[in-house]
Amino acid sequence: MFFSQAGAQPRTWEASPSERKKLVEVFKACDEDNKGYLSREDFKVAVVMLFGYKPSKIEANSVMSSLNPDTSGISLEEFLNFVRKKKELQLYRNEIRHIFTAFDRHYRGYLTLEDFQKAFKQVAPKLPERIILEVFRMKKEVQKPIKRRKKHMSCKVIRYKVKMRKAKMKSEFRSQRR
């Protein structure tokens, strides 16, 4: 359940037959003219129906630009693939949130170095203290850097650090294989 089992990797998500039926129904409901695809606006409506939020221009542009340039919109299969990826991302974020909540014993919404060390002693007792300190003190290089004096971190920062540590481990593994 924790890092050793979770591997900090997104879980795969496959729609059950009833979920797939619901997704197809949403697609058809949003494809008002029965074109066989969703236009940008149709796509936004479908996302609102399924996820409860209107996608930003950036998200809509990202999805639409990833499509075949010969098509006028997003096909059913592309839509189902988008939903699968979105659901997998939700599972990953929920897992990280769950891990963070388990570590946050005092329900403060952040972890102190002491909380972090205690948690890792329980879930990964053989992990060197050096790595725990390195992860805790790792700077966030996107947008605002984490100040060195900061004595706690939020779930958002934990999620970022897990992602960065995973990337670092992958690159180290690849360099060892060469």
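Me: Before anything else, what counts as a helix or a strand here?
Reply: Helices (H or I, at least four residues) and strands (E, at least two) are DSSP runs, numbered from the N terminus. This is a predicted model, in which local features need pLDDT of at least 70 and side-chain atom pairs count only at pLDDT 80 or more, while totals for chains, interfaces and linings use all residues. Residues are numbered from 1 along each chain as its sequence is written, and side-chain values use heavy atoms, with hydrogens and water left out.

Me: How many helices and strands does the protein have?
Reply: The protein has 8 helices and 4 strands. Along the sequence they follow the pattern α-α-β-α-α-β-α-β-α-α-β-α.

Me: Where does Asn-34 lie?
Reply: Asn-34 lies in the loop between α2 and β1 (37–38). Its phi is near 50 degrees, a positive value in a residue other than glycine.

Me: Is Asn-34 buried or exposed?
Reply: Asn-34 is exposed, with a relative accessible area of 66%. Buried means under 20% relative accessible area, exposed over 50%, and partly exposed in between, with a 1.4 Å probe and protein chains only.

Me: And what is phi of Tyr-107?
Reply: Phi of Tyr-107 is near 55 degrees, again a positive value in a residue other than glycine. Tyr-107 is found in the loop between α5 and β3 (111–112), and is exposed with a relative accessible area of 69%.

Me: Changing topic: at what angle do α3 and α4 pack?
Reply: Helix α3 (residues 40–51) and helix α4 (residues 57–65) pack at an angle of about 120 degrees, with their axes 11 Å apart. That makes α3 oblique to α4. Axes are lines fitted to C-alpha atoms, for helices over the stretch in contact, and angles run from 0 to 180 degrees between N-to-C directions. Angles under 35 degrees count as roughly parallel, over 145 as roughly antiparallel, 65 to 115 as roughly perpendicular and the rest as oblique.

Me: Which residues of α3 and α4 make the contact?
Reply: Helix α3 contributes Arg-40, Phe-43 and Lys-44, and α4 contributes Ala-60, Asn-61, Val-63 and Met-64. Contact means heavy atoms within 4.5 Å.

Me: Which members of the largest nonpolar core touch the most other members?
Reply: Of its 19 residues, these are Leu-38, Phe-43, Leu-50, Ile-74, Phe-79, Phe-82 and Val-83. Such a core is a set of buried Ala, Val, Leu, Ile, Met, Phe, Trp, Tyr and Cys residues joined through side-chain atoms within 4.5 Å.

Me: Which elements give two or more residues to this core?
Reply: They are α2 (17–30), α3, α4 and α5 (76–103). The largest share, 5 residues, comes from α3.

Me: What is Ile-74 in contact with?
Reply: Leaving aside neighbours within four places in sequence, Ile-74 is in contact with Phe-27, Tyr-37, Leu-38, Phe-43, Val-63, Leu-67 and Phe-79. Apart from this core lies another, of 15 residues, among them Ile-96, Phe-116, Ile-132 and Ile-158.

Me: Last one: where is Met-49 found?
Reply: Met-49 is found in helix α3 and is partly exposed, with a relative accessible area of 46%. Leaving aside neighbours within four places in sequence, Met-49 is in contact with Val-26 and Cys-30. Met-49 and Val-26 are 23 residues apart in sequence and 7.4 Å apart in space, C-alpha to C-alpha.
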